[in-house]
Amino acid sequence: MEKPSTVIVIFGATGDLAKRKLYPSIYNLYKKGQLSKKFAVVGVARRAWTNEIIRENVSASIKSEVEGDISDLDEFSNHFYYLPFDVTSKSSYHDLDNLINSLEDEYDIQGNRIFYMAMAPEFFGTIALNLKTEGVTNTKGWTRLVIEKPFGHNYDSAKKLNDEIREAFTEDEIYRIDHYLGKEMVQNIEVIRFANAIFEPLWNNRYISNVQITSSETLGVEDRGGYYENSGALRDMVQNHMLQMVSLLAMDPPIRLTTDEIRSEKIKVLRALRTIKGDKVEKYFVRGQYGPGKINNNEVPGYRSEDKVNPDSNTETFVAGKLMIDNHRWAGVPFYIRTGKRMKEKSTKIVIQFKELPMNLYYKNKETLHSNLLIIHIQPDEGISLTLNGKKLGPTGGTVPVRLDYRNDGIDGFNTPEAYERLLYDCMLGDATNFAHWDELDLSWNFIDAISEVWEKKSKKEPFLYPSGTMGPNESEDLLQENGHKWWPIT
Ligand code: BG6
């Protein structure tokens with residue numbers, strides 16, 4: 001196994017993401033022996049922390065997030081260093097370069113540097129440019145930039161940010177994080193499709209009736225009201241995670257499993273995605289907002305009563321949509337998506353519903369056959385189910401749905417550091433397959449902008465309210481009923 005050796009610089013080292021995801025992920029890689037002992041992490045942020053303080057914080061985060069033996073924790077956290085940083089001051093970058101140079105000598109690292117942006121996005125461009133102009137990217141090894149979401153707020157801001165970072169890094173050096181691409185079962189979509197003879201021949205509009213992707217959460221906006229008010233579920237979940245899953249489900253088989261070939265097939269899907277704009281938006285999309293309700297028997301407030309949320313807010317916390325991919329393979333097959341906060345369950349599932357048989361030989365007493373379904377369970381359980389029809393027990397014939405279930409045992413629970421661990425490791429190895437290319441962002445933002453433009457008009461209808469603890473507004477059912485479809489239960 002290759003053991004990458006690198007300095008990782010984390011911008012935003014005092015923040016929540018670093019604490020909850022990055023430190024535990026780096027630790028897990030270290031513990032599993034995937035990371036060489038020749039590594040150092042430099043945390044930078046505004047606060048006046050010291051090496052001791054960051055080490056204490058790293059230890060605390062690992063104690064709370066990682067289970068099992070952590071006896072090597074001190075040895076691990078001694079690889080962490082801290083630099084108080086002002087992103088607009090040149091001297092901060094010089095100090096950073098000096099510190100990295102000395103760590104490269106100390107740990108015998110050959111000039112490989114990862115710059116991880118885990119802070120307020122408005123600084124991403126400034127930091128990238130300064131890293132270049134102040135010589136921090138000038139090394140004898142490789143340099144890579146990892147960028148967290150949100151990558152822009154719309155197409156224009158995403159393009160501006162991209163232009164800024166491209167001044168300093170080439171496309172090959174940029175790793176745009178979409179943590180869904182690090183999830184085990186999202187990565188499995190490609191394998192299920194391209195390593196099984198029984199699915200790919202049916203994977204088209206002749207045999208598939210519709211595809212349903214649900215990503216529901218029970219949490220509300222928590223302490224992110226400020227961010228979420230400007231984002232909403234469309235930007236927060238659909239532009240990135242949901243469209244990534246659509247691309248993986250709809251892409252043609254790549255000619256080989258390389259980063260470029262896979263990305264190029266995914267990009268073709270987004271190019272074929274029908275733009276929904278103007279009056280069409282209301283027909284293809286439903287937006288909702290959670291009201292008060294009950295989650296696990298506990299009363300929870302509505303979105304408009306959350307901290308840092310405008311009491312008259314029209315921000316959507318739920319989106320359901322019907323996506324059409326206008327190409328030969330998918331013409332006429334709706335890809336339904338829905339995602340929201342404060343829903344009934346925390347769950348991400350994909351249901352592929354196959355078309356009905358041309359006739360039902362078992363039609364007796366109005367008995368209908370159950371649709372054949374392939375369900376990909378992304379989280380919290382990981383696995384695949386296939387719903388078929390079998391014979392009802394007994395002499396009288398008739399049919400009964402039979403479900404074949406496979407579950408992964410190594411379940412880590414949802415939103416664990418696991419996805420980050422894989423993505424960080426991929427980045428260290430220089431494998432960008434599970435990161436978003438600029439062309440994907442370009443197309444997905446253009447798709448999203450056409451919808452948000454309509455929703456943000458003052459004259460438009462408010463989002464439909466749904467009680468917390470439900471599967472969203474009833475109008476999301478109507479979206480499917482029009483085509484004679486229904487949301488399949490997500491359990
Ligand atoms: C993030 C969103 O990208 O994904 C959050 O910003 C959301 O609002 C989260 O809660 C969901 O991720 P997961 O892995 O818990 O499904």
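Start with the two domains: color domain 1 (6-148) and domain 2 (181-418 + 436-482) separately. Their C-alpha centres lie 35 Å apart. The bounds come from an automatic or database domain assignment. This is a predicted model: local features need pLDDT of at least 70, side-chain atom pairs count only at pLDDT 80 or more, and totals for chains, interfaces and linings use all residues. Residues are numbered from 1 along each chain as its sequence is written, and side-chain values use heavy atoms, with hydrogens and water left out.

**The cores**

Now select Phe11, Leu96, Leu249, Phe285, Phe335, Ile350 and Ile352. These have the most contacts inside the largest nonpolar core, which has 105 residues. A nonpolar core here is a set of buried Ala, Val, Leu, Ile, Met, Phe, Trp, Tyr and Cys residues joined through side-chain atoms within 4.5 Å. Buried means under 20% relative accessible area, exposed over 50%, and partly exposed in between (1.4 Å probe, protein chains only). Helix H9 gives the most to this core, with eleven residues. Domain 1 and domain 2 each supply at least three residues to this core. Apart from it lies another core, of 38 residues; Ala18, Ala45, Trp49 and Phe435 are among them.

Zoom in on Ile350. Not counting residues up to four places away in sequence, Ile350 touches Ile189, Val211, Gln212, Ile213, Met245, Leu249, Leu374, Ile375, Ile376 and Ile378. Contact means heavy atoms within 4.5 Å.

**The ligand**

Show the ligand and the 13 residues around it; Tyr180, Lys183, Glu217, Asp236 and Lys346 come nearest. A residue is near a molecule if one of its heavy atoms lies within 4 Å of it. An N or O atom in the side chain of Glu217 is 2.6 Å from a ligand oxygen atom. For His179, a side-chain N or O atom is 2.8 Å from an oxygen atom of the ligand. Gln379 also places a polar side-chain atom 2.8 Å from an oxygen atom of the ligand. Polar contacts are pairs of N or O atoms within 3.5 Å; within protein, one must be able to donate a hydrogen and the other to accept it, and residues adjacent in sequence count only if both atoms are side-chain atoms.

**Helix H10**

Select residues 259-272. This is helix H10, with 14 residues; it reaches 20 Å from its first C-alpha to its last, close to the 20 Å expected at 1.5 Å a residue. The expected span is 1.5 Å times one less than the number of residues. Helices (H or I, at least four residues) and strands (E, at least two) are DSSP runs, numbered from the N terminus. The buried residues of H10 include Ile262, Arg263, Ile267 and Leu270. Their cover includes helix H7 (184-194), helix H9 (232-250), strand S10 (318-324) and helix H13 (438-455).

Go to Trp330, in the loop between S10 and strand S11 (334-340). Trp330 is buried, with a relative accessible area of 1%. Beyond four places in sequence, its contacts include Trp203, Ile208, Leu249 and Phe335. The Trp330 side chain reaches the backbone oxygen of Ala250 at 2.9 Å.

Asn327 lies in the loop between S10 and S11. Asn327 is partly exposed, at 24% relative accessibility. Its side chain reaches the backbone nitrogen of Trp330 at 2.9 Å. Arg271 is 56 residues from Asn327 in sequence and 9.5 Å away in space, C-alpha to C-alpha.

**Last stop: Thr137**

Thr137 sits in the loop between helix H5 (124-133) and strand S5 (143-147). Thr137 is buried, at 18% relative accessible area. Leaving aside neighbours within four places in sequence, Thr137 is in contact with Phe115, Leu131, Lys132, Thr143 and Phe169.
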